[in-house]
Amino acid sequence: MENDTTLPAFPFPAYGLTHEEWQTALKEVFGQPRFRADQIFKSLYKEAASGWEAFTTLPAPLRQTLAGQAPIEAMRIVEAIPSQDGTVKLLFACASDGERIESVLIPSKDRMTQCISTQAGCNFRCAFCASGRLGKTRDLTTAEIVAQVMEAVRFLSGREGTFTRPSNLVVMGMGEPFDNYDNVLKALKILNAQKGLDVGARHITISTCGVVPGIRRLAGEGLQFELSVSLHAPNQDLRKGLMPVSRRWPLEELIPACAEYTRATGRLVTFEYTLIRQINDQPRHADELIALLRALPCKVNLIPLSPVEGFAGRRPDNASCLAFLDRLMRAKIPTTMRNSRGGDVDAACGQLRLRRLATSSGEGGNTP
Ligand code: SAH
């Protein structure tokens, strides 16, 4: 039954395999009983072991084999930059080719949220987003997506002196998750697995710029992940100008796809709306947004623009942001405003990597 999993060729990264794939690999590749998958998952995810010598429940010869065949390190933290507000920006290098990506830890009263990346760069080129400025270098592998979280677990556990993991994951770092659908979904299933790190599905949010086939595909998976859609404009004309993705999948296809997601999963979609002074923050924009979303059970999350180089738009003043929020609330649309965190460490989308790339040309690397 489980034998229908097609196994990758070894050596293969340890974080790239689901529990079922480990069972099959142990039996068919390593000639071991399948229950060792439980032992491996426990050490990998519940103890965050970083080397096979720590897997003391396994026989020594198997540990040695796996050390050669299933490397654990897929990502290395090259910099951890704390912000005054408690946010920590993690800059990663991929073990295979040194590609730089980033992730952010965002503590709040009762949670520790980690924002993770899915691609090095991004091809979608939203006007206000730093991640897309340089295009996409490559997709991250499943193991690289999982490793961002496991390196963060080691970072947090080292800091706290006891095993500590992010309670919530948001897929809102660099890249478009639905442009790397298979690797992202597999990574999230691995991080969600009860025998592993066990981050609850409802504590995992996938954010898309509006890749309609991805939304429809996720709707059919029978999973409970939260879906966020980066909307940023209340009409097609304005959205086309800010987000080229809207030319391919216009609002008139995007909104019905969101409705289908809600129908299929019973989960509300959250619309992200970056407020840009004069461009999309006026009362008439709020009214258009209300009309657009009227028939759809949803939430709205407002994000005052983080200024980025190369985009002339500006952040609205607080009063306009609050007025926009108020107008939506009066129309009975549940709305929150994200107070920008980590501004002093360039924690907004892709900013750190962009700055490093801009300042590191000609140097050997970024390690401080
Ligand atoms: N590609 C996915 C996930 C990454 S972006 C998506 O588009 O949803 C994460 C969120 O940050 C998106 O809502 C994005 O539009 C927003 N964002 C990007 N640059 C921003 C900026 N300069 N200020 C405020 N929000 C920004």
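**Contacts, ligand shell and sheet of a predicted model**

Colleague: What is the length of the polar contact that joins the side chains of Ser83 and Asp85?

Modeller: This is a predicted model, in which local features need pLDDT of at least 70, side-chain atom pairs count only at pLDDT 80 or more, and totals for chains, interfaces and linings use all residues. Residues are numbered from 1 along each chain as its sequence is written, and side-chain values use heavy atoms, with hydrogens and water left out. A polar contact is a pair of N or O atoms within 3.5 Å; within protein, one must be able to donate a hydrogen and the other to accept it, and residues adjacent in sequence count only if both atoms are side-chain atoms. The side chains of Ser83 and Asp85 are joined by such a contact of 3.0 Å.

Colleague: Is Ser83 buried or exposed?

Modeller: Ser83 is found in the loop between β1 and β2, strands being DSSP runs (E, at least two residues) and helices H or I runs of at least four, numbered from the N terminus. Buried means under 20% relative accessible area, exposed over 50%, and partly exposed in between (1.4 Å probe, protein chains only). Because its relative accessibility is 8%, Ser83 counts as buried.

Colleague: Which residue places a polar side-chain atom 2.6 Å from an oxygen atom of the ligand?

Modeller: A residue is near a molecule if one of its heavy atoms lies within 4 Å of it. The ligand is surrounded by 19 residues, the closest being Phe128, Ser207, Ser230, His232 and Ser306. The backbone also takes part: a polar backbone atom of Ser306 is 2.9 Å from a nitrogen atom of the ligand. The side-chain atom at 2.6 Å from a ligand oxygen belongs to Ser230.

Colleague: Which strands stand at the edges of the open sheet of 10 strands?

Modeller: Two strands pair if DSSP finds at least two bridges between them. The sheet has mixed pairing and runs in the order β1-β2-β3-β4-β7-β8-β9-β10-β11-β12. Each edge strand has a single partner, so one side of it is left without a neighbour in the sheet; the two are β1 (75–82) and β12 (335–337).
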